[in-house]
Amino acid sequence: MATAFTCFIRCMKYSGFKYIYYTLIFVYEKILLAGMLLAATLTQAQTEKNSVLVGGGFSLQTGSGNSQFSLNPTVGVFAADNFLLGGTLTFNTQKLGSVKSTEFGIGPFARYYFGNTSTKPFLVGEFDFLSSKTKQSSTASEIKTNGTRFLIGLGFAAFVNETVAVEGVSGYSYSKFKNVDGNGGFNLRLGFGIYFNRRSAKDLKTNVMGK
């Protein structure tokens, strides 16, 4: 289609319609410039300073006498271009036969994003303060304990449009509860993110229209 359009306007140049030809060339160049500037603006604006991220993930697993549910909402603000600071809430509940455990967590996280494409990799670090409670219905016993957990890893944000992204994080996670040996290993999770940016369209209009 682009080739046909190019041939059409070239024919107009040599058929006595030079004024229309140069007008079409001018409009065509402006459209291309607007498209390139818009693409660059959107990909950069997603992780620019003062943008806001709201997201998280959840999982659900059920079986015969067993069930597990987890939820981890996140909120963050870009303190600088590509540098995100935020907080995470964690809720996990698991039932194995007569034993039910519940875990709450809260803590900060930081990310640094790379690139200006629709899929942006990032480095991530997380630290959570945890509170855990385990009940056993057969003996009516209950155990409460506190602990911490950290994660260091890599992630990606694959944008499906200007604001919504599918996110994945993988890395090394280590948790330690009071009076219990620490436990570490590979962690992998998927979720989503909604990125709200505050950039005005005025800059785009100024660059394209020159006003």
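Strands in this report are DSSP runs of E with at least two residues, and helices are runs of H or I with at least four residues, both numbered from the N terminus. By that rule S173 lies in strand β7. The structure is a predicted model, so local features need pLDDT of at least 70 and side-chain atom pairs count only at pLDDT 80 or more, whereas totals for chains, interfaces and linings use all residues. Residues are numbered from 1 along each chain as its sequence is written, and side-chain values use heavy atoms, with hydrogens and water left out.

Contact here means heavy atoms within 4.5 Å, and when neighbours within four places in sequence are left aside, S173 is in contact with R149, F150, L151, N183, G184, G185 and N187.

R111, in strand β4, is buried because its relative accessibility is 6%. Not counting residues up to four places away in sequence, R111 touches L53, N82, F83, L84, F122, L123, V124, E167 and Y195. The side chains of R111 and Y113 are also joined by a polar contact of 2.9 Å; a polar contact is a pair of N or O atoms within 3.5 Å, where within protein one must be able to donate a hydrogen and the other to accept it, and residues adjacent in sequence count only if both atoms are side-chain atoms.

Is S64 buried or exposed? With a relative accessibility of 76%, S64 counts as exposed, and its place is in the loop between β1 and β2. S64 and G97 are 33 residues apart in sequence, while their C-alpha atoms are 8.8 Å apart in space.

## Salt bridges

Side chains of opposite charge can pair when their charged atoms come close. A salt bridge is counted when a side-chain nitrogen of Lys or Arg lies within 4 Å of a carboxyl oxygen of Asp or Glu, and by this rule the count comes to six salt bridges. The table gives some of them.

| Salt bridge | N to O distance |
|---|---|
| E126 and R189 | 2.3 Å |
| D128 and R149 | 3.9 Å |
| E142 and K144 | 3.7 Å |

The side chains of E126 and R189 meet in a salt bridge. E126 lies in strand β5 and R189 in strand β8, so this pair ties together parts that are 63 residues apart in sequence. E126 is buried at 14% relative accessibility, whereas R189 is partly exposed at 25%.

D128 forms a salt bridge with R149. This pair links distant parts of the chain, with D128 in strand β5 and R149 in strand β6, 21 residues apart. D128 is buried, with a relative accessible area of 6%, and R149 is buried as well, with 18%. E103, D128 and R149 are linked in a network of salt bridges.

In the pair of E142 and K144, E142 counts as partly exposed at 39% relative accessibility, and K144 counts as exposed at 62%.

On a 1 Å grid over the protein atoms alone, a cavity is a set of points where a 1.4 Å probe fits but cannot get out, while a pocket is an open set with protein on both sides within 12 Å along at least five of seven lines, and lining residues have an atom within 4 Å of a point. Grid points are joined across faces, edges and corners, and a volume is the space filled by probe spheres set on the points.

The largest pocket has a volume of about 730 Å³ and is lined by 30 residues, of which S70, N92, R149, N187 and R189 lie nearest its centre. Which strand gives the most to this pocket lining? It is β8, with eight residues. By class, the lining of the largest pocket has 10 nonpolar, 16 polar and four charged residues, where Ala, Val, Leu, Ile, Met, Phe, Trp, Tyr, Cys and Pro count as nonpolar, Asp, Glu, Lys and Arg as charged, and the others, Gly among them, as polar.

The structure holds one cavity of 30 Å³ or more, and the largest cavity has a volume of about 140 Å³. The largest cavity is lined by 15 residues, of which N72, R111, E167, V169 and R189 lie nearest its centre. Here β8 gives the most to the lining, with four residues.

Notes: Buried < 20%, exposed > 50% of the residue type's maximum accessible area, 1.4 Å probe, protein only.
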